[in-house]
Amino acid sequence: MQQIIVKDGDYNCPPQVTKQDWIDILSDDSFMSNNYKFALSIFYLEPEHKATCKYLAEKYHTHPTSISGFITQFSARLQGKLDRFEIIREDGSSNWWLITMTGKRLAGGLFEWRLRDELIEAIFELNYIQKSMLQIHDIEALIKYVNNDIYDFATRFVKTRQHLADLKRPNSAKQFFAYESKNRDWAVNVGGSDEVQYRIYLRDGVVGYGLGFNTRYVESERRPNFEYIKPYMEAFISLRESDEITKLEDRGFSLDNDITDINDFEKGKY
């Protein structure tokens, strides 16, 4: 494998991926997650296809490290897929993002990234931005997109859930949300029928997301759910005035923070 060593301050090493390579990668649906498509698209849509992660984060209501993380993860996976070169710093550490981007330091401690020319040409030739727009016509399609994009989270979630709920074995980590009926417009997380429940729906063109709490007695485990559900309720209540909720409101989410049914919950009910 060829090693390309870059010096400190070198943010424009020669390209290692050809235009045809990029076309092949962008056309591989099994490789291109929606997060990767999002990160590449927002840079492509900027003048001269360059911007700082801070600027893009403010524009798209996310965090700079999320954008840089998508690019870095994408680049690292791309290097592994091609398996013919690696870009490393003088100290031997990996420098994945240079596979996809070039860069330039700006005043004020900011750093500007720009898509590689060969990647720009491939995106243009494929009409990639238009073709990559998500087409969500029903809840089943929405669930498919979500399960694909949060696979890593789902894997961690089922293990944590097994520990917190004292389960003998974890549920499947292959999907987070389970869609079981074409007669409903909502879905819940796998195994979430009788404890803390993540719920998502698509109704009248609006995506809704939230939490639900079941307090019914679990006959098979001979224990009342409300004893261990109540701390989760209290945690939910404590978040109502948090910075996280403020961030959601700033991003345009319409929130329902009514907690009447939680304060007055009845044992044995949802």
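Okay, let's start with strands β8 (residues 196-203) and β9 (residues 206-213), which run antiparallel and are joined by eight bridges. Before I go on: this is a predicted model, so local features need pLDDT of at least 70 and side-chain atom pairs count only at pLDDT 80 or more, while totals for chains, interfaces and linings use all residues. Residues are numbered from 1 along each chain as its sequence is written, and side-chain values use heavy atoms, with hydrogens and water left out.

Quick word on terms. Strands (E, at least two residues) and helices (H or I, at least four) are DSSP runs, numbered from the N terminus. Two strands pair if DSSP finds at least two bridges between them.

Back to the hairpin. Between β8 and β9 there are two residues, and Asp204 in that turn has a positive phi of about 55°. Leu202 faces Val207 in β9.

Now widen the view. β8 and β9 belong to an open sheet of four strands, in the order β6-β7-β8-β9, with antiparallel pairing. β6 and β9 are the edge strands, each pairing on one side only. Walking across, β6 and β7 are joined by two bridges, with Ala178 opposite Val188 in β7. Then β7 pairs with β8 over three bridges: Ala187 has Ile200 as its bridge partner in β8, and Val188 has Arg199.

What packs on this sheet? Helix α7 does, touching β6, β7, β8 and β9, and its direction makes about 130° with that of β8. Helix α9 (residues 226-238) packs there as well, touching β8 and β9, at about 135° to the direction of β9. Contact here means heavy atoms within 4.5 Å. The angles run from 0 to 180 degrees between N-to-C directions, using lines fitted to C-alpha atoms, for helices over the stretch in contact.

Let's stay with α7 (residues 139-149). Its buried residues are Ile139, Leu142, Ile143, Val146 and Asn147. In general, an α-helix has 3.6 residues a turn, so residues three or four places apart point the same way. On cut-offs, buried is under 20% relative accessible area, exposed is over 50%, and partly exposed is in between (1.4 Å probe, protein chains only).

Two arginines next. Arg199 lies over the face of Trp186, 4.4 Å from the ring centre. Arg203 has its charged end over the ring of Tyr201, 4.1 Å from the centre. The rule is NZ of Lys or CZ of Arg within 6 Å of the ring centre and within 35 degrees of the ring normal.

Last stop, the aromatics. Rings of Phe, Tyr and Trp (its six-membered ring) pair if their centres lie within 6.5 Å; planes under 30 degrees apart are stacked, over 60 edge-to-face, and the rest tilted. That gives 14 aromatic pairs. Take Phe38 and Tyr60: their ring centres are 5.9 Å apart and their planes at 90°, so the pair is edge-to-face. Phe38 sits in helix α2 (residues 34-44) and Tyr60 in the loop between α3 (53-59) and α4 (64-82), 22 residues apart. Phe38 is partly exposed at 30% relative accessibility, and Tyr60 is partly exposed at 28%. Elsewhere, ring pairs link Tyr11, Phe43, Trp97, Phe111 and Trp113 into a cluster.
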